[in-house]
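Biologist: Please show me the model. I would like to go through its salt bridges.

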Amino acid sequence: MLRWNDLADVPSDFGPSVVTLGNFDGVHRGHVSVLTRMCADARLAGARAVAVTFSPHPLQVHRPETAPPLLTGDEDRLELLGLTGLDAVLMLEYTLDFARQSPEEFVRRYLVDGLRARTVVVGRDVRFGWGNSGDLGTMVELGREHGFDVEVIEDVAPAATADPGSAEDQAADPLRRRWSSTWVRELLDAGDVVQAARVLGRPHRVRGTVVHGDARGRELGFPTANLGADLTGMVPADGVYAGWLRRTREADGTPVQVGDPDSVLPAAVSIGTNPTFDGQERRVEAYVLDRTDLDLYDQQVVLELVERLRPTLRFDSVDELLVRMHEDVERVREVLDGVAGEPSAEAPHQADAGGAPAA
């Protein structure tokens with residue numbers, strides 16, 4: 001998949017293309033169903049499939065104080081988008097200057113002149129241009145003017161019903177709820193990574209560089225890899241999780257080789273402040289099962305969270321903590337033994353029959 005950050009990166013002879021717009025935070029199953037279908041349609045039409053997305057998220061620019069946490073950082077978002085079959089992603093820097101473009105300016109510059117769009121795929125609630133003044137009607141009018149078709153994708157619930165229903169219907173029956181990043185955030189806030197994985201189509205992940213911690217885990221016989229301040233991906237509720245640690249880059253920045261026996265490792269992941277030791281700083285750290293020989297410092301890793309085992313607890317003694325840690329490790333082993341194969345990071349998502357991108 002080609003990755004561009006500016007129109008100047010797009011080859012002058014690129015196109016024709018089928019284009020969709022969105023933030024694609026989390027690249028959940030609703031996004032995937034739209035993108036995989038769009039890619040198939042583009043190939044049948046002899047066109048290239050392109051997603052236009054933005055970094056940072058527009059809400060982080062317009063309303064940073066109320067912007068929701070992002071489910072995925074840019075690196076994961078691009079990796080996951082690449083698994084859908086897209087030919088290219090144009091990730092545009094979102095600034096206040098960028099936002100001041102009129103709907104017509106945005107469409108003409110990026111979709112028509114830049115990507116030579118033959119078809120633009122959007123949800124019914126699409127908004128674009130200064131003050132979100134462009135809507136579906138605007139896009140259809142601009143399509144007539146500039147010679148591209150507009151395809152509207154309707155929302156679809158997990159059961160693939162044609163109508164997800166009203167808000168009241170969705171509250172009464174969550175299976176009618178549309179796939180959405182908001183839904184995933186709610187689940188992660190509750191620590192429900194199992195249900196979040198059903199919406200995402202894969203385990204939720206966080207990514208970061210391993211840094212030095214207090215070395216307390218090593219002293220207790222459970223050395224942990226602590227993720228540093230560059231961590232991306234929404235951190236779920238405090239607790240202990242069963243998951244996978246996937247090494248992605250060595251300390252010198254080179255990618256970890258596919259097939260490396262230590263590239264994907266079972267792990268117990270702790271999220272919280274270590275209240276037994278009166279900790280104040282919230283941390284994400286992972287103990288790789290049965291391994292005390294690993295040197296992961298300065299390496300980039302991805303943690304994929306499979307199941308929450310328990311909330312963070314304060315223990316009255318270190319001995320009590322150690323007993324529970326051994327129990328946690330055995331429980332992690334049981335959970336991961338029940339997972340078929342390794343994590344799904346490199347596997348395509350399961351796509352549904354329809355669905356529209358949701359923020």
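**Salt bridges in the predicted model**

Modeller: Arg 324 and Asp 328 lie four residues apart in helix H11 (residues 318-337), so about one helical turn separates them. Helices here are DSSP runs of H or I, at least four residues, numbered from the N terminus. This is a predicted model: local features need pLDDT of at least 70, side-chain atom pairs count only at pLDDT 80 or more, and totals for chains, interfaces and linings use all residues. Residues are numbered from 1 along each chain as its sequence is written, and side-chain values use heavy atoms, with hydrogens and water left out.

Biologist: Is Asp 328 buried or exposed?

Modeller: Buried means under 20% relative accessible area, exposed over 50%, partly exposed in between (1.4 Å probe, protein chains only). Asp 328 has a relative accessible area of 8%, so Asp 328 is buried.

Biologist: Which residues do salt bridges with shared partners join into one network?

Modeller: A salt bridge puts a side-chain nitrogen of Lys or Arg within 4 Å of a carboxyl oxygen of Asp or Glu. Bridges that share partners make one network of Glu 75, Asp 76, Glu 79, Arg 205, Arg 207, Arg 246, Arg 249 and Glu 304.

Biologist: What is the distance between the closest N and O atoms of Asp 97 and Arg 100?

Modeller: Asp 97 is exposed, with a relative accessible area of 58%. Arg 100 is partly exposed at 48%. Their salt bridge has its closest N and O atoms apart by 2.6 Å.

Biologist: How many salt bridges does the rule count?

Modeller: One of them pairs Glu 281 with Arg 283, at 3.7 Å from N to O. By the rule, the count of salt bridges is 29.

Technical notes. Helices (H or I, at least four residues) and strands (E, at least two) are DSSP runs, numbered from the N terminus.
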